[in-house]
Amino acid sequence: MVLSLMLLVVDHRFHHLQHLRSTLAFLTYPLHYIADLPFTATSWLNETASSRDTLLAQNRDLRDKNLHLRAELQKYESLQAENMRLRDLVDSSFKVGDRVLVAELSSVDLDPYKQQVIINKGSASGAFEGQPVLDAHAVMGQVINVTPFSSIVLLITDTSHALPVQVLRNGLRTIAVGTGRISELKLPYLPTNSDIVEGDLLVTSGLGGKFPPGYPVATVTRIDRSPDAPFSSVLAQPRAHLDRSREVLLVWTVPNQLPVTPREPEPAEEADPAPEPAAETESVTEPAAVPETPRESET
Amino acid sequence: MSEPGDGRLAILVTLCVAMLLMILPMPEWARPFRPHWVTLVLLYWAIALPHRVGVGSGFMAGIVLDVLTGTLLGQHALGLSVVTFIAIQLHQRIRVFPFWQQSLGILVLLVIEQLLALWVMGATRGVTPGLVYWTVPLIGAVLWPWIFVTLRKVRRHFKVI
């Protein structure tokens, strides 16, 4: 009992136990795998048994969407080029370009009072602790524990997670803290007179050094300004589909670039629909050996 | 069929099944109601075979469960070791109770475990769960007779002593 109390304190205060946890998590990986098996099997069955027509229709839809997205991308690229040119003019250019890797959520239930999920990519694919995780819409969270074949992602709505953000409209910087509810973030450090309105989009500010700047995070949904309180209470709704997404993106930002490249032969993936190498958009070649920054997300 | 006394495998397998049940995906509304399978199975073995399954086993199972469900390392371990300790102290009395009295005893143990977990969550600034949190021991106590009978069958079939 004393031992478990000690463990509790040590695990909460320091992070020496990460190795122990990773080793144990690796040993219990088979259990996670078995728990995920029914879901994987059904999705595999679905895929094999779906008719040719459905596949064709889906294919057509996807091709249409791809075309649309490409058109959007062209606009974006020209804007980016223009932005870089302007930044060059004021001598503050920086390198844009993040490397991403698609991972899939395992359908495994963790503790219901913590906002965590398990994904099927681990250190064998180059994932590391503190790595940002996105879905197709916005920032989801960060990796807190890696084993060779899986890793645990702490969502931005967990109570122990805080994320430096910025209001897109005017650049107002603040911190978004999780509330423990999957559809709510709070911004507790905004003075009552700060310029923020409902519907404002919050994006990552990149200040903690952990998340790349400029990714959307949440939309402000409710603002309570009471005249006697020093801070207004602001609630925001995450843009990421935290409880619905099945595929997520692991991101390597440029300054945190890992020298390792993802090795491709992935075991235990029969029902993975998307081939991974196609997901890498831009490979950045400079292997900057920057040591990992300490965890800034613990409030 | 194994020889009498060689039941380590049976105990391990039942514990593993219980752990699987703890992480098996469930619909969102049902997640807070999930009974603590591992506690129930461990309590059965502690009451039936106190010389085989003790506080140490409870602690180890708790650590594995912590890693499995991503809680703070030691949260489940604390609860499980305390609960197995009490169960071993009281095992001779609990064994002769009728089912409904056993369930009441188990309910108290489950509430103690839940309370310890709540303290840990509170001390580490976790989420404060609502009243739903306290239905988990109730569900566990209702399930107890069935778990007891099933595991007794397992124990007799594999002659675990």
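In the predicted model, Ile106(B) touches Leu43(B), Gly140(B), Ala141(B) and Trp144(B), residues up to four places away in sequence not being counted; two residues are in contact if their C-beta atoms, placed from the backbone, lie within 7 Å. Ile106(B) lies in helix 6 (residues 99-123) of chain B, where helices (H or I, at least four residues) and strands (E, at least two) are DSSP runs, numbered from the N terminus. Ile106(B) counts as buried because 28 C-beta neighbours lie inside 10 Å, the cut-offs being 20 or more other C-beta atoms within 10 Å for buried, 12 or fewer for exposed, and partly exposed in between.

In chain A, 6 strands close into an antiparallel barrel in the order 6-7-8-11-10-9, two strands being paired if DSSP finds at least two bridges between them. Strand 10 (residues 216-224) and strand 11 (residues 231-238) of chain A run antiparallel and are joined by 6 bridges.

Residues are numbered from 1 along each chain as its sequence is written, and chains are lettered from A and ligands numbered from 1 in the order in which they are written. As this is a predicted model, local features need pLDDT of at least 70 and side-chain atom pairs count only at pLDDT 80 or more, whereas totals for chains, interfaces and linings use all residues.
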